[in-house]
Structures are given as structure tokens and as C-alpha cells.
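User: Hi! Could you walk me through this one? I'd like to start with the ligand site.

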Amino acid sequence: NQAVQPHQQASSLWSSRLAFILAAAGSAVGLGNIWKFPYITGENGGGAFVIVYLICIAVIGVPVLIAETMIGRRGGQSPVGTMRSLTDSEGVSRGWRAIGWNGVIASFLVLSFYSVIGGWSLVYIGKAAAGAFVGADADAIGAQFGGLLGNPWELLAWHGVFMAIVIFIVAKGIRSGLERAVNLLMPLLFVLLIAMVIYAMNTDSFGRAVSFMFSPDFSKLTTQGVLTALGHAAFTLSIGIGVIMAYGSYLPKRVNIAGTAMTIAVIDTSVALLAGLAIFPLVFSNGLEPGAGPGLIFVTLPLAFGKMGGGIVFGAIFFTLLLVAAVTSAISMLEPVVEWLEEHKGVSRVKGALFGGLAIWFIGLGTVLSFNVWSDVHPLGFIGYFEGKTVFDLLDFLVSNLMMPLGGLAIALFAGWAMKREGLSDDIGLRGGIYTTFMVVLRYLTPAGIVVVFLYNFF
Ligand code: PFF
Ligand code: NA
């Protein structure tokens, strides 16, 4: 149990506020924005859902993002080390240390399946560029997706390629790895996204997409929709599982956390909305269904690309956008694991990235097999609630529905109730009435909101 030194040397920290914003926004902006947000908006009727989602971002997302960054910077170590030293210095129960372990374990698990889906985007860049969707009908495009999912070797290989990219970036360290990657990839992401939106604006259904997304019809909003919005607010901002804590541990003291967190939330939300504005016009102008579910971007959208002028180029652009978004999120998931290996197992960063990444790749086999060989294996099927759930479904459930919300709840409670108040306002970068309001939200509204989603998941 040797004392671990927090990162103090300036050279091991993010080089600027912008570098942190790009990295954290890179973590936030991912498959959640481009794949999940559009299809859950589609399934839940559009506008009214978007409004509830925005409220959830404000009440749960931003407060936890601020608290988690602040905790990370104070501790200055991996989530495990940070929670160990903060529970000591604050003189509070060691039980809070579970937040740190939850972070390292959850980020390990989430990457094991996120990377498999990241591999799909690699495959689809190739398919789009090769013109595989041109003139294909719904059955043919469905069969292409089915063919990919049905081939474990192919899935495993692309999952491996995706992990290799992630390992390479993380092994190079904060400044020459992560920072350089996001400096290149985030501007690229914005350019690709804007190109997609411009393309969508030139279809005849842009206006219809705008009204679908922004004119609220509350009769279409179900309780389930409200809870989906709440859960997605946590997922989309990457909060609750130590990723933001790990990134915060490299944050220089002078950076204002509240302002930075707001900026990150605004970027993440804008990308989700823009992704919707890029995708729905293509869906509508080709007479397709907005509520197609998870297949929206791998089946519905390729169908649109296959029918439209410029579909080869814009199809390739779209899946490159998806890849870039997935890579900048995936590197953030490997970071807590590597930081922990470095700190507590004394391995070098390169070895940590390699061992951690290989272990994650191997565990990803469970997800790969869930789509084919194990598609009928339902490990917890004997419990009614988990009936029909594959290994992948269970992992996603464990991380997205349990570890993320519980981690977020624990972070809100730890920062709001367990930590001493001295210096908190300065640390967060909020003063006076705004700070007081923030604390009320963090202590009451945020936990109450999370408890509601959480209970819903079980009852
Ligand atoms: N925020 C990412 C997205 O919206 O795709 C997903 C994510 C990243 C979840 C990092 C969790 C995490 F730790
Ligand atoms: Na996101």
C-alpha cells in the first residue's frame, strides 16, 4: 500500500484548457451521439423526447461532469488511487472507494463491446467506398449486415484492428498520444459532420427532419421515453465510470472546471442534434422509417446512400465520422485501466496499454460471439428480467444501466455530501448564488433523478 504521487509535473498534464476540452469532448462524442441518439429519438417520437433529454443533460449530466472532473483533479491519480487518497484526506468512509474500482472495471468492460461496434464502422467505410450499397434493396442491405454479424472471425479481426488503433494512441501518453490524436481527429469530426449536414440540407426532406426533431408532441412521449432520455444523458457525457475522473487527473489547477464542463456538454449536445439533422433528412427523403432502432445507421442509412446521388462519397464520409467519434471515446475508456496499471502494478505506460488492451480485446470475444455462435446463449435467462439477453446485452446492461448510473449517483453524493465544503467553490469555479444553486442541484435533484432511472430499470 505504498503512497502514490499524484501527477504534479506540468509535463504530464494536458498542455492547455483546449486540450482537455477536446479530449473530454472526444470522450463524450461517440457512438452515443451518432448511432444511439438518432435512433432513440426516432423511436420516442422526436421533439418532446429531445426536450426531456436536454433537461436531463442540465440536471444530471452537467453536475456529475463537474463533480467528477473536480474529484479527478483533486486526487490526481487513477480513479482507484484518487478515491483512496480522497477518502483518507476527507476522513470519510472507505466505502466510497468503490467509486474508483467501479470506474476501472466499468471502463474495461465498456470498451470490450464498444470496440466491437467500432470495428463495424471500419467495415462500413470499406463497403460504402466500394459502392456496396449502390442499387441494393432493403433485403440485400439487411443481408450484408447480417452476414457481418454472422461471421465471428471477421468481427474479431475488425475488433482487433480497432483495439490496435486505441492501444497505439494510449501507449504514446497524454501529450504525444491522446492530445495529438484529438487535435487531429476532433476538427476532422466537425468537418465531416458539417459536410453531412450540408448534404442533408440539400434533400427535399430537411424541413421535415427539423420539425420531427424540434416540434414537440408530448402525446408521443411515454414514461419509458423519459427514462431513456435520463439514462442516455449519463452515457452520452461518459460520466460515472471513472473516465472523466482519469482525464481530470491530468487537468492543470488553473483551469475553470464549471465553464469547461459546460463547454463539453454543449459540444456533445450539438453533435447529437447535428447528427440527427444529418441522418433524418436522408431517412425521410427515401421514404424510410425513423424508428428503425439500432439498425438505423447500419441498415436504413446505407439504403439511403445506395439510392442517392453522391451516396458513395457521403456514405464513406459518414462511416469515417462514426469511426473518428468511436476512436476518441475508446481511448478515454482505456485510460483509467492504463493509469491504474501504471500506478498500482508498476508497469510502464506502453506495457499497460498493451496488456490492458489485449485483455479487453479478449473479453470482447464474448460480445463477438453474442451475434453468432452464442446468439442463443442467455447466461442469466433463468431470471425473468434477463430472459433472452445475450452476453453482449448483459454487459451493456451491467455497464450502461447499473455501473454508470450508480457511479454517477455515488459521485454526486460524495461531492455533494461527503466532501468538506472548504475550497469547493474555488475548485469548481462557481461563486455566490450560482454556486449555491449548483450545490442544491447536485445534492438533491441529481441523485433523485438517477434514483428514478435506476429503480425503473428493476421495477
Ligand atoms: N460518451 C460516449 C458516447 O456517447 O458514445 C460513450 C462513452 C464513453 C461511455 C466513455 C462511457 C465512457 F466511459
Ligand atoms: Na456522447
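Predicted model: local features only at pLDDT ≥ 70, side-chain atom pairs only at ≥ 80, totals over all residues.

User: Which residues are closest to ligand 1?

Analyst: Of the 16 residues that surround ligand 1, the closest are Gly30, Gly32, Thr236, Ser238 and Val243.

User: And which helices each supply at least two residues of that shell?

Analyst: Those are α1 (17–28), α2 (31–43), α5, α10 (223–236) and α14 (311–345).

User: Let's stay with α5. What span should it have, and how far apart are its ends?

Analyst: Helix α5 covers residues 98–129, and at 1.5 Å a residue its 32 residues should span 46 Å. Its end C-alpha atoms are 46 Å apart, so the two agree.

User: Is α5 enclosed by the rest of the structure or exposed, and why?

Analyst: Largely enclosed, because 26 of its 32 residues are buried. After α5 comes Gly131, which has a positive phi near 80°.

User: New topic: which residues have the most contacts inside the largest nonpolar core?

Analyst: Leu65, Val166, Val170, Met196, Leu321 and Leu334, in a core of 161 residues. Helix α14 contributes the largest share of this core, with 20 residues.

User: What is Leu334 in contact with, beyond its neighbours within four places in sequence?

Analyst: Leu334 is in contact with Leu111, Val166, Val170, Ala353, Gly356 and Gly357.

User: Last one: what confidence does the predictor give?

Analyst: The mean pLDDT of the protein is 94, with 98% of its residues at 70 or more. For the complex, the ipTM is 0.99 and the pTM is 0.95.

Notes. Residues numbered from 1 in each chain as written. Chains lettered and ligands numbered in written order. pLDDT = per-residue confidence, 0-100. Helix = DSSP H or I, 4+ residues; strand = E, 2+ residues; numbered from the N terminus. Expected span 1.5 Å × (residues − 1). Buried ≥ 20, exposed ≤ 12 C-beta atoms within 10 Å, placed from the backbone. Near = placed C-beta within 6 Å. Core = buried A, V, L, I, M, F, W, Y, C linked by C-beta atoms within 7 Å. Contact = placed C-beta atoms within 7 Å.
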